[in-house]
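Visitor: I have a new model on my screen and would like a walk through it. Could you take my questions one at a time?

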Amino acid sequence: MLRLVAARIALGLVSLLLVSLAIFAITSLLPGDAAQEQLGQAATRETVEALRRNLGLDQPGHVRYLRWIGGLLQGDFGRSLVNDMPVAQLIGSRLPNSLMLAAATAAVSVPLALAIGTTAAMWRGTAYDRAVSMLTLSVVSVPEFLVATAAVIVFAVQLRWVSALSAAADITSVGQFFRVFALPVFSLCCVIIAQMVRMTRAALIDQLRAPYVEMAVLKGVGPWRVVLTHALPNAIGPIANAVALSLSYLLGGVIIVETIFNYPGVAKLMVDGVAQRDLPVVQACAMLFCAAYLVLVTTADVVAILANPRLRHG
Amino acid sequence: MTRPQLEVRDLEVRARNAAGEEVPIVERVSFALQKGEVLALIGESGSGKTTIALSLLGYARPGCRISGGTIRLGETDVLGLSRRALRDFRGRRVSYVAQSASAAFNPSRTVMAQVTEMALLHGTADRAGAERRAIELFRALALPDPERIGHRYPHQVSGGQLQRLMAAMALIAEPELVVLDEPTTALDVTTQIEVLRAFKDVVKGSGTTAVYVSHDLAVVAQMADRILVLRNGAMQEIGPTARILSAPQSPYTQSLLAAAAPVPRGADQPPAAAPVIAVQGLTAGYGRIGADGMPQIPVLRDIGFEIRRGSSLGVIGESGSGKSTLARVVAGLLPAAQGRVLLDGEALPPALAQRTPGQLRRIQLVFQSADTALNPRRSVGAILGRPITFFHGAKGAERDRRVKRLLDLVQLPAAVAERQPGELSGGQKQRVNLARALAAEPDLILCDEVTSALDTVVGAAILDLMDELRRELGLATMFISHDLHTVRAVCDEVMVLYAGACVEVGSRRAIHEAPWHPYTQLLVSSVPELRQGWLEERGSVRGPEVIGTDRPACAFFPRCSVALPGTCDRVAPPRRTLSKGADILCHREEADLLRAAIPAGP
């Protein structure tokens, strides 16, 4: 089992290395560069060249890549090309905000999704199950900017329950916390709950059709016990994967939500970085998102391995 | 006579069919059981025997509904129980042993947790008491290491052991009635006999009333006091076991009895013709091939045989013996590590990709399950037409003509070409599966358990068909089966595999006669006979269920009843020819084997 887990983690690290190559290659393809962007249209060719040399942009690609990845390994994310601050510091100031938003959303969405998915699987074919299916399908098909904008219009503008903008800095009380986070968390939950509900339901129904579930019923086991102690342990693998995929969205894919609510998170930092051709910032953010994604997916795989006695004792 | 413990009257179960109409699948079934009696429900697939068995627990599968009749156990009206009361009733008063224990055990919980669950749930014992009782049952059911086997997970226990563990699970809460649904069907014969004996001892010993569901009359003859014969959900006849076996009244029971004792087909001696296929010194397995030419996990070791035109070789052995792997190697799906496969004297490349289309055409594989081998979305005409076009380039009217001829060959009406596999019965599907192989006009067909999933009567018809085809088309066939009856009925030559080695090979007649290789003898003597008392007469010949850390020189050593410690586990057994004409792989002399065979003779 340890070998399996170690192999899974090693595979994750190799993926991360490949991802770093891809990120570097793609960001290098972005048209224009920071020197051009900073000096504007009026700059002469010589001043642009001088700034390029100054920023190290005149070096060949593989040298820049090696220098960058070497820096990453030592914890040096480089300096922003735009305002010359260390990238680590830029991200460091935004990351807690993003993590807080992600944690709040995860804390609401995961238990809710598992409960809805489990009950829908238990009462499959009933009106409740059909309603859940319809609702999740329609919510997942509505783009999140629409959900977010609609939420702002209804709850902030019309009802005036919460403020339209979220700045994590103004939190002083629990009530404040709810007021700041309610809308972004609600919008994000709409996007990720549906996927988790559908996967939980499908994985459980798959197990509920298994002969051992019929056997449990014939042993006189009650419906809740059948689901919770017999079917659920066997469905953990696919459910953990669905949860990991959905949560990974919270770190990288929240750009729209952060933008709409003007929320100072990492995603917004990355968007600004792209606009200003600030490659070190973009690259570091991309690496951060990919690493988070790989950590989540690898964790899900490890959980699936641990939950399966065949692999655990294999 | 006292009031019966179980009484079923006019039971009717309805199921919703594809068109959404409710049709009866069990009709007007009535029977009664005295305390301690064992009743067998016997019939083929679709006879409603499992449906009746489940209704005794007040349960109907999704899509089915118990629509009429009464079931009374003791003083309880089973069908009148509320949901809540049913939960207390199931497991506590009636328990169920399912056909496939490996599917019916939850893979993610330990055996002990599942065995004791019922007792804890129904409050018949506390945890310690339930575990003590479970260990007692494990011991009574002759399970190895009863103290600790409960800590294992289902995948760490063999199939035969799981089936016995399931019996322990059923008996833990000391129910009044135990329902056993084909509990030994998925097992090898040599395992089945041990499980049957364990069941019988425990059921008789505790005086439990039991309903035993099976399609196998010979098994039922060992277990049941009375037999109820079912067909299409209706009762054919019911009576004491001895009477049903000796003087069946219903014509259907008579046909079941006739199919249970298959008639030999084909010739006793293989026809004298050139071999179509010859296999020499074949070793194959999975994993990387080492420096000594042995694969990491060897499955077959040093196998050699020939099959002549128009003759058939039966390959028999228990699950894991390498039967299917042999077919895969000959077909080229698994390249051999060592040895040669010769087609008409010409060596075949080991891997499929290196073989020419002509070579591929001449060897065809017929898979066990027609359900999965035939594409459910295509018509039978398209399924058969594809190999015709692929191998012979025939299109249009010529192709249709050939499809029609193939269907004629497997005795199906031409109209079947328009249908999809889902619209055909199991036997018809297996015929289409066979026709698909014949479409290539092969010289050799490899049949892997082609009748195992079929009912006895349907399977017998397929065997007849194969025998006809073999003679008409001069086909060579390799017939893989775990059933000695089937192999002896259709093959000229029989090869017995044990742990990947050919332990005995000889003509059909030779395999019928003593002396045998000790493993062949175990197989022969493990096939239940169609008479009562056979199980009691037959002594246990199975050795201890221990797997040593080293593989002994003779793989059968740990289970052999005539093993010579010091020789058999150290020195590889020599191949010797017996006077009956068979070759065996054994240290024992013919005279010793003959002596050993007498008490357990056929």
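This is a predicted model: local features need pLDDT of at least 70, side-chain atom pairs count only at pLDDT 80 or more; totals for chains, interfaces and linings use all residues.

Visitor: What is the N to O distance in the salt bridge of R559(B) and E318(B)?
Guide: The side chains of R559(B) and E318(B) meet in a salt bridge, and the limit for such a pair is 4 Å. The N to O distance here is 2.7 Å.

Visitor: How many residues apart in sequence are the parts that R559(B) and E318(B) tie together?
Guide: R559(B) sits in the loop between helix 21 (534–537) and strand 21 (575–577) of chain B. E318(B) belongs to the loop between strand 13 and helix 11 (323–331) of chain B. The pair therefore ties together parts whose separation in sequence is 241 residues.

Visitor: Is E318(B) buried or exposed?
Guide: Buried means under 20% relative accessible area. R559(B) has 11% and is buried. E318(B) has a relative accessible area of 12%, so E318(B) counts as buried.

Visitor: Which residue forms a salt bridge with E37(B)?
Guide: E37(B) is buried, with a relative accessible area of 16%. In its salt bridge the closest N and O atoms are 3.1 Å apart, and the partner is R226(B).

Visitor: Where does R226(B) lie?
Guide: E37(B) is in the loop between strand 2 and strand 3 (38–42) of chain B, and its partner R226(B) is in a strand, so the pair ties together parts that are 189 residues apart in sequence. The strand that holds R226(B) is strand 9 (residues 226–231) of chain B.

Visitor: How many salt bridges does a search of the whole structure find?
Guide: Some residues are linked in a network of salt bridges: E398(B), R401(B), R402(B), R405(B) and E441(B). Over all chains, the search finds a count of 44.

Visitor: Now the two chains: how much area do chain A and chain B bury between them?
Guide: The size of an interface is often given as the accessible area lost when the parts come together. In this model 21 residues of chain A are in contact with 26 residues of chain B. Carbon and sulfur atoms carry 59% of the buried area, and the amount is about 2,200 Å².

Visitor: Which residues in chain A lose the most area to chain B?
Guide: Three residues together make up 32% of what the chain A side buries. They are M215(A), L218(A) and K219(A).

Visitor: How many salt bridges are there between chain A and chain B?
Guide: One of them joins E117(B) to R225(A), with the closest N and O atoms 3.1 Å apart. The salt-bridge count between chain A and chain B is three.

Visitor: Which elements give two or more residues to the side of chain A that touches chain B?
Guide: The residues of that side divide into 10 nonpolar, six polar and five charged. The elements are helix 9 (211–218), helix 10 (223–252) and helix 14 (309–312) of chain A.

Visitor: Which residue takes a positive phi in the hairpin of strand 4 and strand 5 of chain B?
Guide: Strand 4 (residues 64–73) and strand 5 pair over two bridges, and T76(B) is the bridge partner of L73(B). The hairpin has two residues between the strands. The one with a positive phi near 60° is G74(B).

Visitor: Which side chain does the side chain of Q430(B) contact in a polar contact?
Guide: Q430(B) lies in helix 16 (residues 426–438) of chain B and, at 4% relative accessibility, counts as buried. Leaving aside neighbours within four places in sequence, its contacts include V366(B), F367(B) and I462(B). The polar contact, at 2.9 Å, is with the side chain of N433(B).

Key. Residues are numbered from 1 along each chain as its sequence is written. Chains are lettered from A and ligands numbered from 1 in the order in which they are written. Side-chain values use heavy atoms; hydrogens and water are left out. Contact means heavy atoms within 4.5 Å. Buried area is the accessible area (1.4 Å probe) that two parts lose on being put together, summed over both. Helices (H or I, at least four residues) and strands (E, at least two) are DSSP runs, numbered from the N terminus. Ala, Val, Leu, Ile, Met, Phe, Trp, Tyr, Cys and Pro count as nonpolar, Asp, Glu, Lys and Arg as charged, and the others, Gly among them, as polar. Buried means under 20% relative accessible area, exposed over 50%, partly exposed in between (1.4 Å probe, protein chains only). A polar contact is a pair of N or O atoms within 3.5 Å; within protein, one must be able to donate a hydrogen and the other to accept it, and residues adjacent in sequence count only if both atoms are side-chain atoms. Two strands pair if DSSP finds at least two bridges between them.
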